[in-house]
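Subject: Structure handover

Hello,

Here is the structure for your files. Please open it first; my notes follow below.

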Amino acid sequence: MNTLFNYLIFPGFLFTSIAGLALNWIDRKLTARIQWRVGPPWYQPLFDVLKLFGKEITIPKEGKDTLFLIAPFFSLGAIVFASTLLLLPNFISSSGFAGDLIVILYLFMIPGISTILGGASSANPLASLGVSREIKLMISYELPLVLAIFTPVIKTSGIITIDGLLKYQLTNGIMLKNPSCIIAFLVAIICIQAKLGSVPFDQSEAETEIMAGAYIEYSGLPLAIFKLSKMMLTFIAPILLITVFLNGFRFDNLLATITSLIKYLILFFIYILIKLTNPRLRIDQTVKFFWSYVTVFALIGVVLALLGV
Amino acid sequence: MNTKILTKSLWLFHCSVGSCNNCDIELLDCLTPRYDVERFGMLLVGSIRHADVIAVTGAMNIKSAERMKKIYEQAPKPCLVVACGTCACSQGIFKGSYSMPTPLDEILPVNLYIPGCPPRPEAIIAGIVNLINRLNRPPKKKRLEAKI
């Protein structure tokens, strides 16, 4: 019963989706203000999703309709599991299991994979372009992201639970004071940008070239589920970085609450600034960027961590 | 479907069926910081499957009439059609031309006409706000009762 509550209401589906909707509004409003516009009202993301719930669902004639309709729910389910596993150790001490960091990294891959599945089963040429770009993007950012997240694990000589990392940081100070972890943190910020599919790396749904990419044939409820899971991923991705590198996202007392919110807002602001100040890269440039600079930096971080710096 | 929710987030699909590009530019002007239709919840979408409003510009010719019909059939309902510019409203100066079979409103149910060559962004926004108000208005009977 308690587990069900955790997965469905707090900190699982309901909490994460409300936070994701709120965050999406903050994102759009800040973007608008930076571009000298007024921006949408606060209920806008909620109404977008509600409106899509009421629209007609169209299924492409030549596509694989079962896979096409199931793919968004894979994405949503993975995010719900990932957010519960990630947030529970932050809120309730000594929860989680050995190796939950690895499980979370795997669950974080599933939204990308479900985009690939859904796009590929829609039998649209533009969607297949978006899918091929998404595959290349995933191949390029997954390795540096895993290396970056595992640098603190190596630094703490093998603590692989989220709860363990949080307790280590409580006694020994934040992870970010180590040089190896600073490098890993910078790499992880860039990889998260690619994982969220936002601007320098948004080739897979580039609106001005291939319309909506893999989502082009989606309408109504499945599109709403995809949008919602993307908003939830945007909410949960900075929390992974805060948990691993920046002493956790906790609300035990007033000081912890304020510092958690400040950490979160700074990370989120960096995400928006990168998004607004960069043009879209081509997919070959992206692969080259990740496999040369970013992976090399991530490897330097790992080697430094192995040396104990 | 609740029209109040629909009108709070109208996603616009921009469909040019043979226009001279003036209306297209004015339509895109609505999204710039000066006019910013995102404050009403409107977004420009690239795919017809995401659209709530099809904004049609230009006079339809024989080739594009078929395609316009197909595009309307592909859109998920409920979907509104806006004729933007004099050519889309009434064929404008191309009326009676050999390649212009029929005006837009004879093949599609047009919900809103925005005349002008090209219509100013203010006119487009005013037209869409009028459309939203008309959709949200209670049926006639109730209004009469409210007055009494």
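The cover over the buried residues of α3(A) includes α2 (13–34) and α10 (221–245) of chain A, together with α1 (3–8) of chain B. Contact here requires C-beta atoms, placed from the backbone, within 7 Å. Helices are DSSP runs of H or I with at least four residues, strands are runs of E with at least two, and both are numbered from the N terminus.

Ground rules: this is a predicted model, where local features need pLDDT of at least 70, side-chain atom pairs count only at pLDDT 80 or more, and totals for chains, interfaces and linings use all residues. Residues are numbered from 1 along each chain as its sequence is written, while chains are lettered from A and ligands numbered from 1 in the order in which they are written.

Helix α3 of chain A spans residues 44–54, and its buried residues are A:Q44, A:P45, A:D48, A:V49, A:K51 and A:L52. Buried means 20 or more other C-beta atoms within 10 Å of the residue's own, with C-beta atoms placed from the backbone (exposed: 12 or fewer; partly exposed: in between). Viewed down the axis of α3(A), these residues fall within an arc of 160°, so they line one face of the helix. The arc is that of the directions from the helix axis to the C-beta atoms.

Chain A gives 25 residues to the contact and chain B gives 17 residues. On the chain A side, α3(A) supplies the largest share, six residues. By class, that side has eleven nonpolar, seven polar and seven charged residues. Nonpolar covers Ala, Val, Leu, Ile, Met, Phe, Trp, Tyr, Cys and Pro; charged covers Asp, Glu, Lys and Arg; the others, Gly among them, are polar.

**Chain B**

Chain B has six helices and five strands. Their order along the sequence is α-β-α-β-β-α-β-α-β-α-α. Buried residues make up 36% of its 148 residues. The C-alpha atoms fill a box of roughly 55 × 35 × 30 Å along the principal axes.

The five strands form an open, parallel sheet in the order β2-β1-β3-β4-β5. Strands count as paired if DSSP finds at least two bridges between them. The edge strands of chain B are β2 (43–45) and β5 (112–114), each pairing on one side only. Strand β1 (residues 11–16) of chain B pairs with β2(B) in the parallel sense over three bridges. B:F13 stands opposite B:V45 in β2(B).

Best wishes

Terms used. Contact = placed C-beta atoms within 7 Å.
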